[in-house]
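Let's take a walk through this one together, a stop at a time. Have the sequence and the 3D view open side by side.

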Amino acid sequence: MLNNLEPITKMGLIVLAVLVIASTVVATLSRIKPQKDYSELASRVWAWWIMAAIFFAIIVAPARISLVFFVFLSFWAMKEYVNLLKTRAADHGSLILTFLAIPIQYFWIALSPPWYGMFIIFIPVYMFLFLPVRLVLSKETTGFVASASQIQWGLMAFVFGLSHLAFLLTMPAPAGSLASGRTLVLFVVFVVEMSDVLQYVWGKTLGRHKIIPTVSPNKTWEGFIGGIASAILLSLLIRFLTPFSIGETILVSFLITVAGFCGGAVMSAVKRDFGVKDFGSVIPGHGGMLDRVDSLCYAAPIFFHYVRFYHY
Amino acid sequence: MESDQIPESGVTTKMPPMNESGQASKRPLTIGNLVQMIFFALVIRPFLALFIGLRVSGRAHLPESGSFILIANHSSHLDTVSLLSLFPLNRLRRIRPVAAADYFDRNKIISVLSRTLFNILPIVRKHITAENNPIRQMRAALEAGDSLIIFPEGTRGSGEEMGEFRSGVAHLLEKMPEACVVPAYLINMGRSLPKGEFIPVPFFCEIRLGKPLKIQGNRREITALLETAVRELKDAVI
C-alpha cells in the first residue's frame, strides 16, 4: 500500500506544478496585455484546479467511493447526451432502463476481477439485445430504429467506454512493477487531458491547416501534431506510473492521444448534429461534463485493453 | 364556463390588511411542517440537483417576503416539487400549491402525503358552493400571508405545448387587485415525468421566472395578460 502511495504523491506534485505554471502564465498574460480579456481562460484554469483536486481525491479514495464517483460521471455524461436527443414519449421506459444500466455496469466492477466477463459483455450484448425489446413493448414503431440506435450508442460511448477507467482503477499491480490500477488511471487521464490542452494551445498559436473544417473548425494539423508530440514528451516524465519501457511509453501515449483526438472529433460531430456548441454548462469555461471527458471515452478502452493484454 | 359556476355571494366584505412584511411567517411550526422541511432538505433538493439537474433563471424576481401568486405552465408532477424547491426551508409552510381535491383526495394516503409533504391547498373543481368556493379559499390564504402556486391551465397538459389559461386567477385578482403575480415557465418537466408515468427520466429541467406583475382589468384581459407573461418567458433567450 505504501509503495503504491509514493508514485501517486509524486504525480500530485507534478500536477500541482503544471497548474501553478498555468495560473502564472494566465496572470502574466493579463498583466502584459490588459486590453485583452483573459477571464474565459482564467475560469478554465480555475476549473482545472478543482477537477484535479476532485480527481486526486477519487484516486486515493477507497475503491467503493471511487466507483460511486464514476457512476455519477457516466450518469451525468449520459444525461447530457440523452437531453439533446429527440426522444419520443414511447422511449420513456427504455430510457429508465438505460439509466438503470449505469449502476449495474459499475456493480460488475465492484465484483471484479471474477466478473470481468460480465463487465465486458453486459452493455454490448445484454443491453443491446434487451433495450429494443423494451421499445417493442411501447408499441410505437415510428422512429423505432432511431431510438434503439441512439440510446445504445450513448450507452456504449459514455457508460461502457468510461467504465473502463473504473475497472482499471480496481486492477492490482502488473507483475514486477510499482504501478497499480490507480497509477495507470492517473497516467491515461493525465496524458489524454494534457494532449487536449496542448492541441488547443498549439492550434491557437500556430494552427493554419484545418483537419476537419466541417466538423470542428478549431482542429488543425499544427495543433494535432504539436499537441500529440508534446503530450508524448510529458508522458515520458511520468513513466514511473506505468510498467512501460521508454519505447513502449511513446507507443502507448501515441495510441491514446490519437484515440483521444478521435473521441473529441466524434463528439464534435455529435454536437454539430444536435446544433449545440457545448453539451452543458456544469464546468465553468469548459461546457458540460461530456465536453471534458469526450476524448477519454475513446482513449480509456484502448488503453485498458492494451494494458490488460500485454501486462496482466 | 368556469366563471358561471362561481357564486359571488360568498365573498367576505371585511379585508384584513395584506401582509407585506412577512412577519406572519412566525406562525408556529407543526410536526407536519417539520416533516416537509426534512423531506425537502434530504430528498427533494438532492434529487432535483443531482438527478434532474434543475436550472433556475430569474430567481431574483421572487419576492423575498410577503404573499404573492406564482403561476406556471403545467405538464408534470415535477412542476410543483420544483417550484416549491425555490423557497428557503423555513418559508415552505407559507407556500400553498393550489391543487384539485378530486385528484389529490382520491385516496387517504395520497391525501395525507400531499397535504403534509407539499402543503397543498385543495380546491374543488365541481359542485362549487359558497362554503367550498375556491376563490374564497385562495383569497383567505393570501390574506393570511401565505403565497399560492397556481397552474392556470387547470390540469397537466400532455405535451410541451401550453394549454389555454382558465379564468380562476383573474377572479382572484378582481377581488384583490393589489396582489402580486410572478410568472414562471417550466421546461422539460413533462419530458422527465409525463402524465401517467411514475419513474422520472433525468432530462435537465429548467424554471424561468419573470418580473412580478400587478395586473388590473376585466377577467378576460387579466387571463390573456397572464398567459402572455408566461409565454414570453418560453420564448425569452436566456
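A residue counts as buried here if 20 or more other C-beta atoms lie within 10 Å of its own, with the C-beta atoms placed from the backbone. Keep in mind as well that this is a predicted model. With that cut-off in hand, start with chain B: buried residues make up 36% of its 238 residues. Chain B has nine helices and seven strands. As for how the chain folds back on itself, take its contacts with a separation of 6 or more: 76% of them join residues 24 or more positions apart.

Where does chain B hide a helix? Have a look at α7(B), residues 168-175, which is mostly covered, with six of its eight residues buried. Those six are Gly168(B), Val169(B), Ala170(B), His171(B), Leu172(B) and Leu173(B). For a contrast, go to Ile31(B), which sits in helix α2(B), residues 31-52. Is Ile31(B) buried or exposed? Ile31(B) has 8 C-beta neighbours inside 10 Å, so this residue counts as exposed. Ile31(B) also pairs up in an interesting way with Thr116(B): 85 residues separate the two in sequence, yet their C-alpha atoms are 9.2 Å apart in space.

Now for the nonpolar core. In soluble globular proteins, nonpolar side chains tend to be buried together. In this model, the largest nonpolar core holds 125 residues, and the members that touch the most others are Ala77(A), Leu162(A), Val188(A), Ala299(A), Ile71(B) and Ala184(B). Pick Ala77(A) and see what surrounds it. Leaving out residues up to four places away in sequence, Ala77(A) touches Phe158(A), Leu162(A), Met289(A), Leu290(A) and Val293(A).

Next, the place where the chains meet. The contact takes eight residues from chain A and eight from chain B. On the chain A side, the elements that give two or more residues are α3(A), residues 63-84, and α4(A), residues 92-111. Of these, α4(A) gives the most, with four residues. Sorted by class, the chain A side has five nonpolar, two polar and one charged residues.

The axes of α4(A) and α5(A) come within 10 Å and cross at roughly 165°. That angle is over 145 degrees, so the two helices are roughly antiparallel. Their crossing is right-handed. From α4(A), the residues in the contact are Gly93(A), Ser94(A), Leu97(A), Thr98(A), Ala101(A), Ile104(A), Gln105(A), Trp108(A) and Ile109(A). They meet Met118(A), Phe119(A), Phe122(A), Ile123(A), Met127(A), Leu131(A), Arg134(A), Leu135(A) and Leu137(A) of α5(A). By class, this contact divides into 13 nonpolar, four polar and one charged.

How do α7(A) and α9(A) cross? Helix α7(A) covers residues 181-206 and helix α9(A) covers residues 246-274; their axes come within 9 Å and cross at roughly 55°. The two helices are therefore oblique to each other, and the crossing is right-handed. On the α7(A) side the contact uses Val188(A), Val191(A), Val192(A), Ser195(A) and Asp196(A), while α9(A) brings Ser253(A), Ile256(A), Thr257(A), Gly260(A) and Gly264(A). You've met Val188(A) already, among the core members that touch the most others.

Val215(A) is in the loop between α7 and α8 (221-237), and with 18 other C-beta atoms within 10 Å, Val215(A) is partly exposed. Residues up to four places away aside, Val215(A) touches Ala265(A), Ser268(A), Ala269(A) and Arg272(A). His311(A) is 96 residues from Val215(A) along the chain, and 37 Å separates their C-alpha atoms.

The other stop is Gly287(A), in the loop between α9 and α10 (289-311). Gly287(A) has 19 C-beta neighbours inside 10 Å and so counts as partly exposed. Setting aside neighbours within four places in sequence, Gly287(A) is in contact with Asp278(A), Phe279(A), Gly280(A) and Ser281(A). Lys277(A) is ten residues from Gly287(A) along the chain, with 8.5 Å between the two C-alpha atoms.

Notes:
Residues numbered from 1 in each chain as written. Chains lettered and ligands numbered in written order. Predicted model: local features only at pLDDT ≥ 70, side-chain atom pairs only at ≥ 80, totals over all residues. Contact = placed C-beta atoms within 7 Å. Nonpolar A, V, L, I, M, F, W, Y, C, P; charged D, E, K, R; others polar. Core = buried A, V, L, I, M, F, W, Y, C linked by C-beta atoms within 7 Å. Buried ≥ 20, exposed ≤ 12 C-beta atoms within 10 Å, placed from the backbone. Axes fitted to C-alpha atoms, helices over the stretch in contact; angles between N-to-C directions. Parallel < 35°, antiparallel > 145°, perpendicular 65-115°, else oblique. Left-handed = near helix turned anticlockwise from the far one by under 90°.
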